[in-house]
Amino acid sequence: DTRNDAPDLDALIVGAGFSGLYMLHRLRDTLGMRVQAIESADDVGGTWYYNRYPGARCDSESYFYSFSDRLSEELLQEWTWSERFAGQPEILSYLQHVAQRYDLRRDIRFSTTVTSATWDEDGNRWVVETDDGTRTSARHLITAVGCLSTTNLPDFPGRDGFRGESYHTGRWPHEGVDFTGKRVAVIGTGATSVQAVPEIAEQAEHLYVLQRTPNYDISGGNRPMTEDDAKEIKENYTDIWARTRQTGFGFPYDIADRPALSVSEEERQEIFEEAWAKGGFRLGTTFNDLLLDGAANETAAEFLRGKIREKVRDPEVAEKLSPRNHPFFTKRPPLENGYYDTFNRDNVTLIGVAETPIEGITENGVRVDGTEYEVDAIVYATGFDAMTGTLFRLGITGRDGVGLKDKWAEGPSTYLGLTTRGFPNLFMLTGPQSPSVMSNMPVSIEQHVDWVTDCLRWMSERGLDRIEPTAEAEDGWVSHHTEVGNMTLLPQAESWWMGANIPGKQRSVYPYMGGVGVYRGLCDDVAAKGYEGFETATTGAASMA
Ligand code: NA7
């Protein structure tokens, strides 16, 4: 019986991607806590460790998809990104560099997976079991598991009987895959597929792209970072970061303060064209009502359909690629760098699988609408069980033996997207009902990590060792979150933002839609009011020496 023994650690972090690395650094090096991270991969990187498919690239611009001056001004000056939008290898080496620079690896247990995490009420601590048979206890448990880390592999009949090669983009082999001379099927047309398809098409003998829902792909606008670019960015970093913290999406540019229909048709087209030429998510920030008003949204949607018609030579294929059934940005728009042009190639075929769903996988290929498409390889670009998938797999059981999955059977219920009642001393970085996936992730990650760090410092200064949100505070957050989410057009699409991509998953708006700047203000306000909405206590359970 280990009750009343001091916990092994002050805090245990699950994950060693962007959020886990920064959390580890803060708790260990700023607060001087005894802390460890557990990571199932054999190195740091999280999503950038696993997503090594051809063309994998960040859709936020590299110069603000990184740690800010909160971590280190020197690192910002030292590190130069080679492209406007960094590729996966460069982001992974950046995170490896951070791990090295702050000597983080020595406190990370790699190749280790959490199998359960159970709240021990008497000991006032978490007891965490891992697949290496180890049991570790910690005062605080912090999940840094990312939002898109549990892959979704649809259960197509016959899937496992396929004789060729199968890959999921989110678990790509480290040695890479050579598709030269092969017939390939890519299933899915989300952001991942849109990056991978142009590269696979270059190699494959023939490529079939299986599309259930066409997307509004925005121009990627990637290009090398010039010396002048880098100089200007580095001179302006203080201002850039200040802006990312206040804007709606955590970008240094904000949503223009004008409705789409307040300008003439001609002016609107100019504004869209200008945003398109610059590339990236800027197009979503051209007007302030694109996500709120159907008619406003349709102007952007039709602009993007026009781009498809310009790029794709065969009008029938262009129409097939054009979304008609959901508004723009109600599914995460992919960034395209040559995706649409790919459909002008002779070795690429688009196959619609909406009206005629994939019937199954055969030994030799994919069967759709009575036709068997014979292929040598199948690439599943079918996405993730987003936001809650990985949290549930941790096997978290809180107070009174209630599992997180059971508590959230009707959908996530959190206070600030960070904590949930019944689970004392548990913090979920970038959890559901926080802005996370609706924002430039590192900005949201830093805000969460800094908030948790401040909270734990505040507790330790007061000798408090237990914190849990009240039922009223949680109810208040959930109703505010739901109200804001339902003001948007998001519920009009079958997206992973709505939990709609996983059969049986509860349907609601998962990310907080109030904006990064607003959310930061609300979190800061809670802290300033002495962590309003939380119950705290000194339990007297054995504390750290
Ligand atoms: P996404 O965006 O979830 O895309 C998955 C794609 O796979 C999407 O086109 C799906 O169609 C398709 N899909 C999923 N299941 C099926 C079945 N059963 N049959 C046919 N097609 C299917 O995942 P990504 O990896 O591209 O991107 C995830 C995020 O990573 C992205 O948003 C960025 O934030 C980074 P659907 O649209 O559901 O009809």
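Two strands are said to pair when DSSP finds at least two bridges between them. Strands (E, at least two residues) and helices (H or I, at least four) are DSSP runs, numbered from the N terminus. Before we use that, a word on what you're looking at: this is a predicted model, where local features need pLDDT of at least 70, side-chain atom pairs count only at pLDDT 80 or more, and totals for chains, interfaces and linings use all residues. Residues are numbered from 1 along each chain as its sequence is written. The protein's mean pLDDT (the predictor's confidence in each residue, from 0 to 100) is 96, and the model scores ipTM 0.99 and pTM 0.97.

Now for the sheet. Three strands line up as S13-S14-S15 in an open, antiparallel sheet. At its edges sit S13 (358–361) and S15 (371–374), each pairing on one side only. S14 (residues 365–368) is joined to S13 by three bridges, and isoleucine 358 has valine 368 of S14 as its bridge partner.

Next, head for the ligand. It has 20 residues around it, with Gly188, Gly190, Thr192, Thr213 and Gly383 the closest; a residue counts as near if its C-beta atom, placed from the backbone, lies within 6 Å. Helix H5 (residues 191–203) gives the most to this shell, with three residues.

Finally, look at leucine 426, in strand S18 (residues 426–428). Leucine 426 counts as buried because it has 22 C-beta neighbours inside 10 Å, and the cut-off for buried is 20 or more other C-beta atoms, placed from the backbone, within 10 Å. Leucine 426 and arginine 101 are 325 residues apart in sequence and 28 Å apart in space, C-alpha to C-alpha.

Conventions: A residue is buried if 20 or more other C-beta atoms lie within 10 Å of its own, exposed if 12 or fewer, and partly exposed in between; C-beta atoms are placed from the backbone.
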